[in-house]
Amino acid sequence: MSYNLRPDGSVEYIGKKIPRAALPPDVGVAQGRSAEATDAYLESKLSHPEYAADPSLARGQERAKDAGMPEIAVSAMQGQMLSVIAKGMGAEKVLEIGTLAGYSTSFLAKALPSHGQIDTIEFSPVHAKVSQQNFLDTDLFPFPTVHVGAALDVLRDPSGAFASPPGTEQGLPLEKRGYDLVFIDADKENYFEYWIEALRLTRKGGVIILDNAVRGGRIVSEENDQPDIDVTGLRKVYDWVEQDAGKTVLMSGIQTVGAKAWDGFAIAVKL
Ligand SMILES: C[S@@+](CC[C@H](N)C(=O)[O-])C[C@H]1O[C@@H](n2cnc3c(N)ncnc32)[C@H](O)[C@@H]1O
């Protein structure tokens, strides 16, 4: 469908109007299309040589597989989306909760200036070790600091790296400033606690991104009262944002289909 501008400034639509699909995957599947193939197409077209197409990232994924780690990293295009956001906002200081083998960490680190800082928190020492091997292989600069431990313990340790309340203003030196960007991608049951910690540690104007924010629509399950630890934390985050009524954050939730099935991201800016 294309558009013609009429002399009076109004717009005329030319061509066949395609009705909007109720649920794109249903319609696409019926026509022989798949979300996975579409992801592969986008990846083949959009992978940047220094980001998604950097061969060391694929080697890192192989290293993770060889170490018996689960294949639950973000997809290539999701990782590159993190790079786009970090680079686009000029992020210099990034925190990630949930490292795995450092795939998403690498996308974030690549988007930072060389004087930047990236911290990532990982529960499993095995995952942390593989991620560090991957960071060396990718030759990341700034080199991510992996904090090993249960994220809440690490974040709340009174003598730890995250203890002192950071300055919330923009433009402070890195060591005094809150994070420009926080990416939450660890155990779902603690998502609400991670959200509160992320708010504490993010500067004003900083961005917080939560992965797995939709869980195949289970966030709106009719069995709302049934404990489903995969989404109860998320619902608490959304309840918090609703009750905040726009005072602290501006947030959006985006559903995704593709290599990672039906899920989504929630993305917020701290006001
Ligand atoms: C989905 S994976 C992270 C994927 C990674 N962000 C990526 O896309 O490449 C979740 C990671 O969080 C870690 N994790 C789980 N519970 C945790 C906790 N309580 N504290 C810190 N890390 C945790 C897991 O060991 C796993 O490596």
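How many of the residues of strand β4 are buried? Six of its six residues are, so that β4 is mostly covered; here a residue counts as buried if 20 or more other C-beta atoms lie within 10 Å of its own, as exposed if 12 or fewer do, and as partly exposed in between, with C-beta atoms placed from the backbone. The structure is a predicted model, in which local features need pLDDT of at least 70 and side-chain atom pairs count only at pLDDT 80 or more, while totals for chains, interfaces and linings use all residues. Residues are numbered from 1 along each chain as its sequence is written. Helices (H or I, at least four residues) and strands (E, at least two) are DSSP runs, numbered from the N terminus.

The cover of β4 extends to both of its faces: Gln117, Asp119 and Ile121 are buried on one side, and Ile118, Thr120 and Glu122 on the other. The strand belongs to an open sheet of seven strands in the order β5-β4-β3-β6-β7-β9-β8, with mixed pairing. At the edges stand β5 (145-148) and β8 (249-256); each has a single partner strand, so one side of each is left without a neighbour in the sheet. On average, neighbouring strands of this sheet are turned by 15 degrees against each other, direction ignored. Axes are lines fitted to C-alpha atoms, for helices over the stretch in contact, and angles run from 0 to 180 degrees between N-to-C directions.

Two strands are taken to pair if DSSP finds at least two bridges between them. In general, strands of a sheet pair through backbone hydrogen bonds, either parallel or antiparallel. On one side of β4, five bridges join it to β3 in a parallel arrangement, and Val94 stands opposite Ile118. The pairing of β4 with β5 is also parallel, over four bridges, and there Ile121 has His147 as its bridge partner. Helix α6 (residues 125-138) packs on the sheet, where it touches β4 and β5, and its direction makes about 170 degrees with that of β5. The loop between α6 and β5 holds Pro142, and the peptide bond from Phe141 to Pro142 is cis, with omega near 10 degrees.

A further helix, α8 (residues 191-201), lies across β3 (93-97), β6 (179-184), β7 (202-211) and β9 (263-270) and runs at about 175 degrees to β6. Buried residues of α8 are Tyr191, Tyr194, Trp195, Glu197, Ala198 and Leu201. Their cover includes β3, α7 (151-156), β6, β7 and α9 (229-244). Contact between two residues means that their C-beta atoms, placed from the backbone, lie within 7 Å.

In soluble globular proteins, nonpolar side chains tend to be buried together. In this model the largest nonpolar core has 54 residues, and those with the most contacts inside it are Val94, Leu108, Val182, Ile184 and Leu210. Such a core is a set of buried Ala, Val, Leu, Ile, Met, Phe, Trp, Tyr and Cys residues joined through C-beta atoms within 7 Å. Beyond its neighbours within four places in sequence, Leu210 is in contact with Ile184, Tyr191, Val237, Phe265 and Ala266.

Several loop residues also deserve a look. Glu92, in the loop between α4 (76-88) and β3, is partly exposed, with 18 other C-beta atoms within 10 Å. Its C-alpha atom is separated by 8.1 Å from that of Tyr179, 87 residues apart along the chain. Leaving aside neighbours within four places in sequence, the contacts of Glu92 include Leu112, Gln117 and Asp180. Leu100, in the loop between β3 and α5, has a positive phi near 55 degrees without being a glycine; it is buried, with 25 other C-beta atoms within 10 Å. Ala261, in the loop between β8 and β9, likewise has a positive phi, of about 60 degrees, although it is not a glycine. Ala261 is partly exposed, with 13 other C-beta atoms within 10 Å.
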